[in-house]
Amino acid sequence: MELSALLTSAGINIGLCLLLFSLYSVLRKQPSIRNVYFGRTLAQMRSKRHDSYWFDRFVPSPSWILKAWELTEEEILAIGGLDAVVLVRTLVFSIRVFSIAAIVCMSLVLPLNYFGQEMQHKQIPAESLEVFTTQNIEEGSKWLWAHVLALYVISCSACILLYFENKSIVKLRLAHIRGLNQNSSCFAVLVRGIPRSLEESYSDSLKRFFMTYFPCSYLSHQMVYHSGKLQKLAKTAEKMCDMLSHHSTQQSCAPCGFCGGQQANASSIHSNESNEIEKGIDFNADDLHARGEESAAAFVFFKTRYAAASIAQAHLSDNPMLWVTDLAPEPRDVYWPNLCIPYRLFWMRRIATGAATIAFLVFFLLPVAIVQGLANLEKLRQTFPFLKGILEKKLASQLITGYLPPVTLVLFLYIVPPLMMLFSTMEGSISRSERKRATCYKVLYFNIWNVFFVNLVSGTVITRLDNFSLNEVFNQKLINRNLPSNLADRAVPALVKFFMTYVLTSGWTSLACELVQLYPLVFNFIWKVIFKQKHGPFDEAWTFPFHTEVPRILLFVLLGFVFAILAPLILPLLLVYFFLAYLVYRNQILNVYLFEYDSGGRYWPIIQNTTIFSLVLGQIIAVGLFVLKKSTVCSGFTILLIGFTVLFNEYCRRRFHLVFNYIAAHVLIEMDQQGDQNKREDMYRELHSAYCQLEWIAKKAGRSAEFLSKSEGDDCTKGAGDFKPGNESVDGDRPCDVNCPSENVESSKL
């Protein structure tokens with residue numbers, strides 16, 4: 001690929017980004033679609049007043065950039081929790097380390113790559129991109145020492161910055177744990193695999209077990225129920241709320257002035273009918289046992305946090321399938337549908353989802369081959385003569401080889417996160433945050449394998465087609481002993497052209513699409529304009545998609561470390577991406593997404609391990625390069641650097657990462673000793689309502705009805721411009737009139 005093809009792709013993506021950024025600055029001012037860009041919190045505070053300066057709503061402005069830039073880390077922590085802070089800190093780390101890499105490599109490595117061989121250079125736009133890579137370095141060149149020096153500077157800078165980021169995030173993690181002092185999840189343990197007994201119920205078996213072996217610390221428990229009727233109840237409540245949205249448009253009496261009647265206001269209709277819904281979901285213990293059936297799972301509550309943590313980490317039975325304990329997720333974080341699954345089925349589910357994931361990885365080889373075929377049409381033209389007519393026009397050739405391949409790959413990749421989320425759900429995650437983290441792992445592995453390695457291998461195969469006839473290709477003589485050397489010497493530098501255009505498309509343009517919220521915007525238009533529905537599926541905001549954005553960022557970190565010394569031209573493109581991501585994600589955290597639950601920064605070990613893996617992978621590829629360039633001394637020094645990096649990662653894993661999996665005993669004991677007895681008794685009383693399955697269903701129905709009533713209010717005294725983060729109530733946590741049975745609560749213990 002010539003540099004002009006890359007410039008063509010860059011021009012298209014820059015134009016799309018400017019257009020989408022300008023469009024966003026206009027659309028965010030429109031009251032009719034404010035729920036798309038400000039989430040449910042601002043959709044509940046719509047202002048009906050008419051703006052005298054309506055013309056300003058159609059003028060693009062960069063005000064959102066200033067607001068996103070001025071957002072402090074404390075505000076991000078208050079709005080989005082520790083997970084949002086970890087995401088932003090990852091972007092800050094990437095900006096710092098790749099700024100150092102760009103300065104070193106663009107000033108030292110790039111000139112040496114360009115003048116690595118004696119040759120007649122063309123004008124810069126007409127130059128091939130291979131001229132700017134290590135592929136242009138002669139064997140045995142003494143200038144390879146510059147590459148080793150740059151690699152040492154990048155690796156040491158990354159390790160130092162990672163060390164300080166680890167210290168900072170661990171402090172925030174410890175503060176987060178101590179901030180759970182008033183959280184009911186610290187006293188709760190999820191117990192699954194309760195043995196079945198013909199003589200007594202699961203509840204009686206559980207009570208007898210814990211009263212026998214843990215009489216001093218056991219407080220009470222709350223059973224988990226599985227029943228088709230409970231699921232039907234939730235669906236019925238949702239249907240009733242949908243019916244209310246249609247009923248709200250009808251008026252009981254027009255204000256004509258003769259009969260003295262007044263117009264029925266929509267908010268009163270909704271508030272009355274929402275109360276009827278809650279009354280319809282009012283159960284007692286007998287109703288519950290009549291409607292639902294106990295499952296072999298329960299939330300067990302203990303008197304102290306230390307007792308709960310100790311029992312959660314202990315093995316309560318010699319049979320690993322019975323009496324399985326885990327620390328209970330926060331009430332908002334519980335994924336109720338998976339709690340009813342028998343624990344003995346989990347291993348079969350994990351095997352099935354693992355096999356399905358591998359099958360999907362294999363299936364995705366076909367789209368990647370198609371993408372690399374588009375990216376290497378010039379090579380395929382020599383093997384397949386009928387392609388010559390397509391590439392005769394220069395502009396068409398630049399578009400097909402420079403812009404179309406990454407766009408095609410991005411479109412194929414859109415099906416990956418929903419499918420991986422389905423697999424993670426089938427595995428049996430007990431919390432929503434755990435399900436999203438499991439999806440993050442799968443999407444990350446998929447990106448590293450299919451987007452990087454498979455593109456690398458398939459691109460190498462296609463670039464070597466010109467050296468073989470079709471008969472040799474079909475006789476499988478293409479893969480020979482020289483392929484590994486080609487992979488290290490030619491494939492990685494040569495494929496930088498594809499990954500540079502991929503950064504432009506999947507990085508720059510995808511960020512612009514994320515900012516504009518194209519998917520909710522289009523569906524909002526279809527639902528309200530075409531179908532004439534007053535309320536659409538995106539009236540309530542979604543939670544932040546960590547499972548898609550974290551793998552995307554880490555893939556670009558991998559590309560940066562791998563290509564830093566091989567093809568430094570990719571570094572400025574990555575820096576622009578990280579700067580844009582820093583602004584866009586801060587804006588989305590502030591305005592768009594809800595953060596109903598928080599994993600407490602447990603994405604950081606994923607980020608740390610992937611960063612070290614990317615760094616070591618880049619160093620290994622550099623060793624292969626130095627070996628092929630016949631520079632054994634440079635290879636030896638790089639091998640020492642690999643050992644240092646692995647030791648550093650082992651130190652960080654032992655020093656910092658344990659706090660993300662376990663809570664120190666002295667921290668829990670201090671929290672128990674500092675707590676007031678009266679507050680603790682109040683917390684004991686709230687445990688059952690916090691983990692009540694029926695209350696969760698009732699809140700879901702009541703929350704939907706409450707949203708409808710508030711969004712239909714006549715006059716709002718507070719508009720979007722008056723919104724300040726941290727002052728809103730995003731989840732509608734009002735008390736619910738559900739008589740959820742408290743299993744075995746003894747008043748004497750309270």
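**View 1. Trp-323 in the loop between helix 10 and strand 4.** In this predicted model, Trp-323 lies in the loop that runs between helix 10 (305–312) and strand 4. Its phi angle is near 50°, which is a positive value in a residue other than glycine. Because the relative accessibility of Trp-323 is 9%, under the 20% cut-off, this residue counts as buried.

**View 2. Gln-517 in the loop between helix 19 and helix 20.** The loop shown here, which holds Gln-517, is found between helix 19 (496–516) and helix 20 (518–530). Gln-517 is a residue other than glycine with a positive phi, the value being near 55°. With a relative accessible area of 9%, Gln-517 is buried.

View 3. Strand 2 pairs with strand 3 in the antiparallel sense, and the pairing extends over seven bridges. Within this pair of strands, Gln-222 stands opposite Phe-299 in strand 3.

**View 4. His-147 and its surroundings.** His-147 is found in helix 5 (residues 144–178), and its relative accessibility of 0% means that it counts as buried. When neighbours within four places in sequence are left aside, the residues in contact with His-147 are Val-109, Asn-113, Thr-134, Ile-137, Ile-565 and Phe-626.

**View 5. The packing of helix 5 and helix 23.** The axes of helix 5 and helix 23 (residues 604–628) cross at roughly 170° and come within 12 Å. Since this angle is over 145 degrees, the two helices, helix 5 and helix 23, are roughly antiparallel to each other. On the side of helix 5, the residues that make the contact include His-147, Leu-151, Ala-158, Leu-162 and Ile-169, while those of helix 23 include Trp-604, Ile-612, Leu-615, Ala-622 and Phe-626. Counted by class, the contact of helix 5 with helix 23 has 12 nonpolar, six polar and one charged residues.

**View 6. The packing of helix 4 and helix 22.** Helix 4 (residues 73–114) and helix 22 (residues 570–591) pack with their axes 9 Å apart, at an angle of about 165°. Helix 4 and helix 22 are therefore roughly antiparallel to each other, and the crossing in which helix 4 passes helix 22 is left-handed. By class, 23 nonpolar, two polar and one charged residues take part in the contact of helix 4 with helix 22.

Conventions. Residues are numbered from 1 along each chain as its sequence is written. This is a predicted model: local features need pLDDT of at least 70, side-chain atom pairs count only at pLDDT 80 or more; totals for chains, interfaces and linings use all residues. Side-chain values use heavy atoms; hydrogens and water are left out. Axes are lines fitted to C-alpha atoms, for helices over the stretch in contact, and angles run from 0 to 180 degrees between N-to-C directions. Helices (H or I, at least four residues) and strands (E, at least two) are DSSP runs, numbered from the N terminus. Angles under 35 degrees count as roughly parallel, over 145 as roughly antiparallel, 65 to 115 as roughly perpendicular and the rest as oblique. A crossing is left-handed if the near helix is turned anticlockwise from the far one by less than a right angle, and right-handed if clockwise. Ala, Val, Leu, Ile, Met, Phe, Trp, Tyr, Cys and Pro count as nonpolar, Asp, Glu, Lys and Arg as charged, and the others, Gly among them, as polar. Buried means under 20% relative accessible area, exposed over 50%, partly exposed in between (1.4 Å probe, protein chains only). Contact means heavy atoms within 4.5 Å. Two strands pair if DSSP finds at least two bridges between them.
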